[in-house]
Amino acid sequence: MNVMTAPVASAVTLGTKGLTLSLSKGDAYFNYYWLRDNDPTSFNPETRERSFDIFHLSEAPVARSATVEGDALLIDWANEDHTTRMPLEWLEAYAGGNRRPDPADLARRPWYGDHYPEVARFTHAEVTSDGEKRRQWLEALIVEGVAVVTEMPDTDAALTELANQMGQVRPTFFGTYFDVKTHINPTNTAYTASALELHTDTPAEEHAPGIQLLHMRANTVEGGRNLFGDGMAAANDFREIDPKGFRLLAETDVPFYCEHDDYDMRSWQRIIELDQYGEVSGLTISQHMLDLVDLPQTLLDDWYPAFCRFGKLLQDDKYVMRFTLKAGECIVFDNHRIVHGRAAYTASSGDRYIRGCYTDRAEMRSTYRALVAEGRFKR
Ligand SMILES: [Fe+2]
């Protein structure tokens with residue numbers, strides 16, 4: 001007997017909340033709500049959004065009967081004049097609670113202090129005019145969290161144009177763009193010529209921006225070398241060296257602040273951020289914006305030493321790239337993963353001007369997916 005025409009009753013078993021279906025890898029259970037909600041006809045092919053409204057069902061969806069016909073499962077619903085036809089291939093893909101494949105879910109590759117010669121590099125023209133180069137650029141940002149764009153035109157528009165290759169420019173409470181040069185009345189350590197210790201930006205915001213772009217417009221000063229480190233690489237090592245300290249930094253929310261005459265921004269963040277799989281996805285760290293940590297003092301007996309052990313590890317030469325970003329270069333990096341800083345410089349020795357902005361991490365991944373994959377609806 002041909003398998004595809006086997007008696008239907010042996011392939012599907014109806015339950016009260018769902019059905020069990022025999023698939024090539026064994027039996028798989030599917031909930032009735034899920035089956036009804038994801039019926040291919042529940043979606044508008046034009047808008048590509050779900051047009052079916054499950055809230056309008058008067059009763060819980062229950063199958064009156066279900067059969068396998070060819071390469072599809074047919075469900076006749078008990079309380080509705082509707083039949084669902086769902087491809088078996090599609091059910092195979094989600095059997096056992098599998099996650100929907102995400103082409104942007106690329107494995108992160110840790111890097112160390114000797115990485116600078118290997119940092120992915122693209123010209124501004126390549127990223128803005130060549131789709132494949134743009135894809136490679138976004139892939140570098142997902143996998144390594146950093147890339148350098150060279151041959152930037154010496155204009156304000158060049159930075160915006162670059163940012164728009166992955167998404168919209170994302171303002172912060174400082175505004176849409178920022179100019180890093182020495183200021184007469186600085187409101188931020190960045191606006192002085194002092195050293196800037198390794199940090200992630202705007203930790204006091206509830207959602208710190210995901211991607212940072214720093215366009216070096218002029219750099220003729222003595223000193224001021226750029227420091228960049230992979231916080232994920234350091235945090236992964238810390239997890240091995242000091243599992244208790246790691247857990248404290250990954251599980252304890254601590255306050256950050258940013259305050260001046262007319263703002264007082266505050267938020268609670270974890271120093272080490274874990275993703276949905278429990279893997280290190282990034283950091284939120286800034287020694288100059290850590291607020292008064294108002295946690296129980298006995299908890300601080302353990303938290304502070306762990307914070308200092310990790311902070312020292314992060315500054316180790318093993319993790320820190322030191323280089324001078326040249327005029328015409330733009331470094332683009334994941335603000336939740338890559339820590340950055342700057343050595344002190346002599347303000348009177350020349351000009352140093354960086355224009356910067358941010359974009360969103362989710363939007364960057366969205367652009368990457370759209371470049372590499374067909375999605376659920378594109379054909
Ligand atoms: Fe910064």
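Strand β20 (residues 338-342) is mostly covered, with 5 of its 5 residues buried, a residue being buried if 20 or more other C-beta atoms, placed from the backbone, lie within 10 Å of its own, exposed if 12 or fewer do, and partly exposed in between. The model is a predicted one, in which local features need pLDDT of at least 70 and side-chain atom pairs count only at pLDDT 80 or more, whereas totals for chains, interfaces and linings use all residues. Residues are numbered from 1 along each chain as its sequence is written, and helices (H or I, at least four residues) and strands (E, at least two) are DSSP runs, numbered from the N terminus.

In a regular strand the side chains alternate between the two faces of the sheet. From β20, I338, H340 and R342 point one way and V339 and G341 the other way, and all are buried. Strand β20 pairs in the antiparallel sense with β13 (residues 226-230) over 5 bridges, and G229 has V339 in β20 as its bridge partner. Strand β10 (residues 196-199) also pairs with β20 in the antiparallel sense, over 2 bridges, and here H340 in β20 is the bridge partner of H199; pairing requires that DSSP finds at least two bridges between the strands.

Turning to the helices, the axes of α7 (residues 243-251) and α8 (residues 297-314) come within 9 Å and cross at roughly 100 degrees, the axes being lines fitted to C-alpha atoms over the stretch in contact, with angles running from 0 to 180 degrees between N-to-C directions. The two helices, α7 and α8, are therefore roughly perpendicular to each other, a term that covers angles of 65 to 115 degrees.

Technical notes
Angles under 35 degrees count as roughly parallel, over 145 as roughly antiparallel, 65 to 115 as roughly perpendicular and the rest as oblique.
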